[in-house]
Amino acid sequence: MQPDPRYATLDDPLRLSLAQMLVSMSREIDEIGAHICCQGDIAALCFKELQAIDLVAQKQREIARLISAFDLQETIDTISIEDMKLSLIRR
């Protein structure tokens, strides 16, 4: 998943690079979680932890979208993780 080009600030390559790094890290986290899920016994014992791993990856992708946002407030409004959105709106 790449940062959403509708929100990309093309004149700030550093912000775009940071966003791309976060997306790349979230993919790595997803791959680790998927690997653990394939280990039946471990996956059953670590269900909550696997959900937490998935949430971290999702938050990283949302932060990547924020970093590359042209309109930060509009992008905050589209965040799908409700507690994250509320935390940012309160600021």
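Met84 counts as buried because its relative accessibility is 11%, where buried means under 20% relative accessible area, exposed means over 50% and partly exposed lies in between (1.4 Å probe, protein chains only). Keep in mind that this is a predicted model, in which local features need pLDDT of at least 70, side-chain atom pairs count only at pLDDT 80 or more, and totals for chains, interfaces and linings use all residues. Residues are numbered from 1 along each chain as its sequence is written, and side-chain values use heavy atoms, with hydrogens and water left out.

**Around Met84**
- Met84 sits in helix 5, which covers residues 82–89.
- Setting aside residues up to four places away in sequence, Met84 touches Lys59, Glu62, Ile63 and Ile79; contact here means heavy atoms within 4.5 Å.
- Lys59 and Met84 are 25 residues apart along the chain, and their C-alpha atoms are separated by 7.9 Å.

**The whole chain**
- The chain has five helices and zero strands; these are DSSP runs numbered from the N terminus, with helices being H or I of at least four residues and strands E of at least two.
- Of the 91 residues in the chain, 32% are buried.
- Among contacts between residues at least 6 apart in sequence, 51% join residues at least 24 apart.
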